[in-house]
Amino acid sequence: MHFEVVVPEADEEAADAAEIDPMKVAIASGKGGTGKTSVAVALALSAQGSVEFLDCDVEEPNAHFFLKPEIRLCEDISLEVPVVIQERCNYCGKCRDMCRFNAITVFGETIMTFPDMCHSCGGCFLVCPQEALEVGRRLIGTVELGTTGRGIGFVQGRLRIGEAMAPPLIRAVKARSTDSRTVIIDCPPGTSCPAMVAVRDADYCLLVTEPTPFGLHDLKIMTGVLKRLKVSHGVVLNRAGLGDDTLEHWCLDKGIPIHLKIPFSRKIAEAYAKGIPMTEVDKDLRDAFTRLILEIGK
Amino acid sequence: MKIAISAQGTDMASEVDPRFGRARYFVIFDTDRDRITQVIDNQAAQDAAHGAGIGAATKVAEAGAETVITGRVGPKAFAVLHAAGIKIVSNIAGRVKDAVENFINGKAHPADGPGCDAHSGQGMGMGGRRGGGAFRGGGAGGGRGGCGCRRN
Ligand code: SF4
Ligand code: SF4
């Protein structure tokens with residue numbers, strides 16, 4: 001099996017795992033199915049010292065298939081939404097005019113709330129002159145905490161089916177992170193709000209992509225967004241060799257490092273299907289990931 | 001009786017806007033006076049990222065309309081219109097003038113469920129005080145628009 005790690009200078013010092021600073025690494029991709037979770041898992045398994053894995057892909061958390069954590073705690077996460085106390089409401093409409101999300105409306109002598117539209121901004125509670133609103137709750141999902149057999153701290157969010165508001169749940173997952181030396185954040189795919197919330201305040205973002213026109217298209221969007229968020233980033237090229245080298249040239253041109261190229265391999269694909277991390281079936285790949293962690297930690 | 005028609009323009013010759021929540025205008029036609037008595041600019045709802053239907057339905061309710069003529073109504077707007085006791089005539093296209101005439105001549109009838117154009121949602125209805133005003137109290141929170149379709 002061949003793969004390539006692009007380490008500019010693999011100096012002795014960097015190989016000393018004890019010397020790296022604590023860091024949060026976000027693993028993201030412009031679309032699903034690029035192998036983002038596989039890469040995140042491989043990184044977590046290759047990092048030295050205390051490691052924590054945050055599965056922020058809350059619509060489809062699947063890292064647990066590979067990491068097989070033992071879940072110790074499951075918390076419900078809910079948002080505060082207004083509930084009307086009928087006897088106090090005078091239908092003045094101030095709450096409706098306040099709400100940017102149309103989650104509460106008043107017409108004539110009827111007031112209606114739409115809890116699933118509410119972003120929990122708290123505005124309506126503040127403007128109501130009658131104190132006619134009390135705090136209700138809308139369950140958006142759960143956060144599960146546990147540990148893997150190898151001692152990796154594990155936190156995952158799971159969005160309630162039919163729930164549209166992933167960002168608050170992702171924040172809840174991130175808030176439960178302790179200060180491990182390496183925190184791996186498996187982000188939701190895409191470039192919309194949930195992905196941004198997951199990536200924000202990471203020390204580094206690894207963009208997992210494929211050498212195809214679609215991969216390049218998504219990569220361009222992602223790198224643009226990360227620049228604005230001021231998160232430094234680099235690329236992991238998955239299924240390298242399957243497409244052409246346009247994407248690599250583009251990265252070179254823009255000065256975006258390609259840290260690792262993972263070739264398409266039957267062995268990796270078969271392991272994946274069985275829930276076995278790629279680093280378990282390929283020792284060289286495991287070393288490559290260990291070097292990758294050191295490299296981005298610098 | 002007042003009828004609210006979602007419209008792309010402000011007069012009887014305008015086309016019916018197929019979208020309810022994000023309609024450009026609502027033309028209020030008063031059948032007693034046989035003319036347009038009010039035009040609601042729905043720009044704000046059009047610009048809203050979320051819940052355009054709720055905002056639009058609220059305006060239509062406040063204008064005192066008893067019937068809405070439009071293309072499609074999503075489940076949230078449906079919940080509001082229902083709570084306000086407003087009848088909905090949907091799947092209407094063509095000119096406002098023809099839509100109004102067809103309705104008055106009994107050629108178009110109110111529907112009894114939301115259209116399939118929005119994802120399912122629910123409203124929590126809160127009945128108002130009784131008596132007075134053109135609004136029915138009624139704690140009618142529209143149920144789930146369980147049409148099974150998803151946006152995009
Ligand atoms: S909390 Fe904010 S988003 Fe929710 S209903 Fe009140 S004003 Fe609207
Ligand atoms: S602001 Fe308070 S009193 Fe006014 S309509 Fe809203 S809930 Fe009722």
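Which side-chain oxygen reaches to within 3.1 Å of the backbone nitrogen of A:K267 at the start of helix 10 of chain A? The oxygen belongs to A:S265, and the helix in question covers residues 266–273. Just after helix 10 of chain A, A:G275 takes a positive phi of about 80°. These values, like the others in this report, come from a predicted model.

**Domains**

Chain A is divided into two parts: domain 1, made up of 4–49 + 181–296, and domain 2, which covers 81–139. Taken over C-alpha atoms, the centres of domain 1 of chain A and domain 2 of chain A are separated by 44 Å.

**Cavities and ligands**

Three cavities of 30 Å³ or more are found in the structure. The table sets out two of them.

| Cavity | Volume | Lining residues by class |
|---|---|---|
| Largest cavity | about 110 Å³ | 12 nonpolar, four polar, no charged |
| Second largest cavity | about 80 Å³ | 10 nonpolar, three polar, one charged |

The largest cavity, with a volume of about 110 Å³, has 16 lining residues, and those closest to its centre are A:P82, A:C99, A:A103, A:C118 and A:C124. Ligand 1 takes up the space of the largest cavity. The residues around ligand 1 are A:P82, A:C99, A:F101, A:A103, A:C118, A:H119, A:S120, A:C121, A:G122, A:G123 and A:C124. Sorted by class, the shell around ligand 1 holds seven nonpolar and four polar residues, with no charged residues. The lining of the largest cavity likewise has no charged residues.

The second largest cavity contains ligand 2. Its lining consists of 14 residues, and A:C89, A:C92, A:C95, A:I111 and A:C128 lie nearest the centre of this cavity. Around ligand 2 there are 14 residues, of which A:C89, A:N90, A:C92, A:C95 and A:C128 are the closest. The shell around ligand 2 divides into 10 nonpolar, three polar and one charged residues, and the lining of the second largest cavity has 10 nonpolar, three polar and one charged residues.

Definitions and conventions
Residues are numbered from 1 along each chain as its sequence is written. Chains are lettered from A and ligands numbered from 1 in the order in which they are written. This is a predicted model: local features need pLDDT of at least 70, side-chain atom pairs count only at pLDDT 80 or more; totals for chains, interfaces and linings use all residues. Side-chain values use heavy atoms; hydrogens and water are left out. A residue is near a molecule or strand if one of its heavy atoms lies within 4 Å of it. On a 1 Å grid over the protein atoms alone, a cavity is a set of points where a 1.4 Å probe fits but cannot get out, and a pocket is an open set with protein on both sides within 12 Å along at least five of seven lines; lining residues have an atom within 4 Å of a point. A molecule sits in a cavity or pocket if more than half of its atoms lie within 2 Å of its grid points. Ala, Val, Leu, Ile, Met, Phe, Trp, Tyr, Cys and Pro count as nonpolar, Asp, Glu, Lys and Arg as charged, and the others, Gly among them, as polar. Grid points are joined across faces, edges and corners, and a volume is the space filled by probe spheres set on the points. Domain bounds come from an automatic or database domain assignment. A polar contact is a pair of N or O atoms within 3.5 Å; within protein, one must be able to donate a hydrogen and the other to accept it, and residues adjacent in sequence count only if both atoms are side-chain atoms. Helices (H or I, at least four residues) and strands (E, at least two) are DSSP runs, numbered from the N terminus.
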